[in-house]
Amino acid sequence: MKPVLEITDLKIEFDTFEGTSHVLDGIHLSLGKKDTLGLVGETGCGKSITAKAILRLLPVPPARLVSGEILFGGEDLLKKSDEEMKEIRGRQIAMVFQDPMTFLNPVFSIEEQLVDVISAHSNRNGSRKEIDRKEAKKKAVALLGEVKIPQPDVRIKSYPHEFSGGMRQRVLIAMALSRSPQVLIADEPTTALDVTIQAQILKLLHELVERHGNSVLLISHDLGVVAKVCRRIAVMYAGSIVENCSTEALFNEPFHPYTQGLLNSILTFSKRKDAAQGIQGGIPDLIHPPSGCRFHPRCSRAMKICEIEKPSPVEAEKNHVVSCHLYPVRKVKSF
Amino acid sequence: MMDPLLHVKNLKKYFPLRKGFLEKEKTYVRAVDDVSFSIRRGNSFGLVGESGSGKTTVARAILRLIEPTEGEVRFEGMDICRSSESEINEMRREMQIIFQDPHSSLNPRKTVFKIVSEPLIIHEGLRGKKLRRRVEELLETVGLKSEHMFRYPHELSGGQKQRVGIARALSLNPKLLILDEPTSALDVSVQAQMLNFLESLQRELDLTYLFISHNLAVIRYTCDTVGVMYLGKIIEMGEAEKVFSMPRHPYTKALVSAVPIPQAEQPETAILLEGDIPSATHIPSGCRFHTRCFEKIGAVCEEREPETYCFPDGSQVNCHLFKSTALDDEAGHGGGSGKPLETKDR
């Protein structure tokens, strides 16, 4: 099946005072129709940069595109004009951010903000059939109902500060889904929330996506969150994707040493004391990234070649792609 | 049995809210509302709860960084709440806190050496070579090298910064360490390292930990005893293993089932709580959890605040569901009405 969104060899650098930071080092990623893909990794590995690059939200400069393309519906998003991007943002690719308070304007009521979003998107439509505000409001109330805000017709008059964190995130999800976009990017949508609220939001997100049939790219540092929602998971480390496979394969048979280490580090309820290992060392500085495979200084199974050559993604098993010199050729021969 | 190192009894902290300056009636944020627990020497006690449940306020009241409204905090038998300023200063040497955010709890304009040596200069009057040797020793204990000594906080990684905070806390040989979300700001691969390190440090230096976290897995991994807080109250307390494997209080059940598990097979039976956490200014009547409870038994939950029911295994629960069970099962142990229980002393 043809993917909805396909990223090939995306390289992005940032010019900083200390030097050039090699933030994305050749990302390959594809998102199929109705697919749910989780993008996991630790702080600074480039998860959010990838999301922002897709929507072209990175400030240029300091960001600089070195190579690569992002194909959406067969067209390269990186070659679009700003006007064309405006048509895509929110309507075809929408995004839900981490901290709902910073993305809602505190001086406007939820009603004004939702109605603005709905009418702006409708009125930019080619047909020029203007939605009036009354109609937009009706739609806004319906949307709030859909994200399970109680008494939507009353609560729509509230201001963001009158809503709790969970409710604000619901509003943002309502906004993002208002134009039923093909792709929904959720960047750490539950990180600012408490666990009991997180469980509510994840369930809501799951239901809505099932109903609307959007493709989802869920970004999180929490493998547990991703496991709950996604069918496939891509693991990022220091600007590249080291492993990309189905959720089952990732947890049951991870290939990459980093993924193995990461799974070993996570504290779960079943883990006994001292069972969690952690990974030696810290996250590398992306201004002076390690040569070859960027994980080699922390890797327990590093070989000579790891210092010299960057491993390219290999399909070690069917639908299980890993970038590591331990898997030089395909394990299973394709016929 | 030895006396507990720290004994907290009926601790309350209400923050007054002024409504407008003509308003006579004062409202309060009841951040901590009658909390009792005790920690034995060498043990780790964990406080878990969601944001706003009052975990950090408990920690700050224990150190008397804020004045408790009511209640008693006994540290080695001395009542902290009724001690004078100078007595408190002496006592603070013995109890130290490590904060959540290592970036903001270290002075960016001081080197690691200055940060770690400050308490030694103030409390012990160390100078010159002696001071330097002691700082080197401390850095070594927390796994930093002497080359880190003259660096500034911004030159260190998050994990290293947290280690500097630990070195500073350890400098006066405290007996009690309060760890307020010590790993929340760290990445998972570093978090496990840090917890294992804290664990070995405890064994080595015979420390007692009060561990505060919203992360249930972290608490289960590190603590012997755990108290689950909801809106300023401990609603369930007991051995960590038992509380998490066999939660009794409906809130604990929901909390445990809400934690996303990193595995391929996702359990279907997640208990989903409805609604949000009520505000601490308007704590619901009766049982404070009744607005979200899925096992509510009736009017009694809305009207009467549940007492503390103790179980023979040493755990205790604040929930009307256990009124009969706790009493019937073990007549000798049950029915403790709000009495703080010496945890695990059986």
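Buried means under 20% relative accessible area, exposed means over 50%, and partly exposed lies in between (1.4 Å probe, protein chains only). By that scale B:Lys233 is buried, at a relative accessible area of 10%. The model is predicted: local features need pLDDT of at least 70, side-chain atom pairs count only at pLDDT 80 or more, and totals for chains, interfaces and linings use all residues. Residues are numbered from 1 along each chain as its sequence is written, chains are lettered from A and ligands numbered from 1 in the order in which they are written, and side-chain values use heavy atoms, with hydrogens and water left out.

**Salt bridges overall**
- Over all chains, 35 salt bridges are found (a side-chain nitrogen of Lys or Arg within 4 Å of a carboxyl oxygen of Asp or Glu).

**Chain A**
- A:Arg56 and A:Asp82 form a salt bridge, with the closest N and O atoms 3.3 Å apart.
- A:Arg56 lies in the loop between α1 (47-54) and β4 (63-72) and A:Asp82 in helix α2 (residues 82-88), so the pair ties together parts 26 residues apart in sequence; helices (H or I, at least four residues) and strands (E, at least two) are DSSP runs, numbered from the N terminus.
- A:Arg56 is partly exposed at 23%, and A:Asp82 is exposed at 56%.

**Chain B**
- B:Glu305 pairs with B:Lys233 in a salt bridge, the closest N and O atoms being 3.0 Å apart.
- B:Glu305 sits in the loop between α10 (299-303) and β11 (309-310) and B:Lys233 in strand β10 (residues 233-239), so this pair ties together parts 72 residues apart in sequence.
- B:Glu305 is partly exposed, at 35% relative accessibility.
- A salt bridge also joins B:Glu239 and B:Lys242 (3.6 Å, N to O).
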